[in-house]
Amino acid sequence: MLANAVPLERAFYERPTEVVAAALIGALLVVEDPVQGTLAGRIVETEAYLDQKDRASHAAPGPTARNIVMFAEPGRSYVYFIYGMYHCLNVVARADRAAGAILIRAVEPLAGLETMAERRSAATRWQDLASGPGKLTRAFGISAAHHDLSFSEPPLRLLAAPDMPGNPVMASPRIGIRHCADWPLRFFESNNPCVSRSMLNRTAHLLHGVPWSPEDTPIVRP
DNA sequence: CAATAGATCATCT
DNA sequence: GATGATCTATTGC
């Protein structure tokens with residue numbers, strides 16, 4: 001599967017952030033570990049973080065030392081450290097020259113499961129090796145060393161979704177934020193056991209056509 | 001099941 | 001000095 005997979009090209013990332021976030025569902029994340037070899041997973045959950053009008057986004061205050069890559073070249077990584085303990089992996093993407101990034105929240109492990117299991121001893125089933133943004137970076141060994149790298153060459157690669165049947169994509173509010181908590185910018189594959197938390201008890205809906213964006217505005221904005 | 005506490009630090013006010 | 005795009009263990013129904 002990995003042998004025939006094609007890297008995502010620049011045009012893929014140069015679209016509205018929420019469109020790219022939805023389109024990443026089903027794509028393959030591949031990380032070359034210098035010691036353990038190839039680790040791979042199929043993306044099953046993402047969240048879009050927009051520009052200054054999105055108060056939940058790191059880009060909201062405008063460019064700073066930490067978030068500057070969100071304003072820079074699409075198709076590169078934005079890795080940050082949070083809660084004194086975890087790293088989060090983002091993909092820079094947007095249509096204009098504003099800012100935007102997509103948090104990779106969960107993947108379905110495909111290769112390197114033994115390495116992931118060693119690093120994620122708390123996981124009791126393979127579906128939970130990377131079923132959350134912090135779990136994923138721990139399983140894949142992603143750290144600050146992976147910040148601001150291209151996704152088009154090792155050690156970080158994003159490959160187009162293989163021509164495989166996948167379940168429908170759904171949208172819901174983002175998780176773990178205070179501001180703009182109603183914006184439906186979380187995307188996940190329905191009925192996939194590798195999606196983080198429970199998708200129940202949350203208002204999720206099937207994604208028809210392009211994802212919602214703030215300009216559409218039926219949602220109550222703070 | 002659901003709710004909560006604690007770990008732990010880079011970043012920004 | 002407070003905050004946070006989290007995870008895990010533990011407690012209580």
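Modeller: Helices, of at least four residues, and strands, of at least two, are DSSP runs numbered from the N terminus. In this predicted model, chain A has 4 helices and 10 strands.

Colleague: In what order do the elements of chain A run from the N terminus on?

Modeller: The order is α-α-β-β-β-β-β-α-α-β-β-β-β-β.

Colleague: How compact is chain A, judged by its radius of gyration?

Modeller: The radius is set against a rule for globules of a given length. For the 222 residues here the rule gives 17 Å and chain A has 16 Å, which is close, so the chain is as compact as a globular protein of that length. Along the principal axes, the C-alpha atoms fill a box of roughly 45 × 35 × 35 Å.

Colleague: What share of the residues in chain A is buried?

Modeller: Buried means under 20% relative accessible area, with protein chains only in the calculation. By that cut-off, 50% of the 222 residues are buried. As for contacts with a separation of 6 or more, 61% of them link residues 24 or more positions apart.

Colleague: How should I read the two faces of a strand?

Modeller: In a regular strand, side chains alternate between the two faces of the sheet. Take strand S9, residues 186-189: Arg 186 and Phe 188 lie on one side, Phe 187 and Glu 189 on the other, and all of these are buried, so both faces are covered.

Colleague: Which strands pair with S9, and in which sense?

Modeller: Strand S2 (residues 37-49) pairs with S9 in the antiparallel sense over 3 bridges; within S9, Phe 188 is the bridge partner of Glu 45. Strand S8 (residues 169-172) is also antiparallel to S9, joined to it by 4 bridges, and Ser 172 has Arg 186 as its bridge partner.

Colleague: Now the DNA. Which residues come nearest to DNA strand C?

Modeller: Of the 21 residues around DNA strand C, the nearest are Tyr 80, Tyr 86, Asn 90, Arg 120 and Gly 134.

Colleague: Which elements supply the surface near DNA strand C?

Modeller: S3 (77-82), S4 (86-92), S5 (101-111) and H4 (133-140) each give at least two residues. The largest share, 3 residues, comes from H4. By class, the surface has 11 nonpolar, 6 polar and 4 charged residues.

Colleague: Which polar atoms of the protein lie by base nitrogens of DNA strand C?

Modeller: A polar side-chain atom of Asn 90 is 2.4 Å from a base nitrogen, and a backbone N or O atom of Ala 56 is 3.4 Å from a base nitrogen. On the phosphate side, a side-chain N or O atom of Arg 105 lies 3.2 Å from a phosphate oxygen of DNA strand C.

Methods: Residues numbered from 1 in each chain as written. Chains lettered and ligands numbered in written order. Predicted model: local features only at pLDDT ≥ 70, side-chain atom pairs only at ≥ 80, totals over all residues. Heavy atoms only, no water. Near = heavy atom within 4 Å. Polar contact = N/O pair within 3.5 Å; in protein donor to acceptor, adjacent residues only side chain to side chain. Nonpolar A, V, L, I, M, F, W, Y, C, P; charged D, E, K, R; others polar. Buried < 20%, exposed > 50% of the residue type's maximum accessible area, 1.4 Å probe, protein only. Pairing = 2+ DSSP bridges. Rg over C-alpha atoms; globule rule 2.2 N^0.38 Å. Contact = heavy atoms within 4.5 Å.
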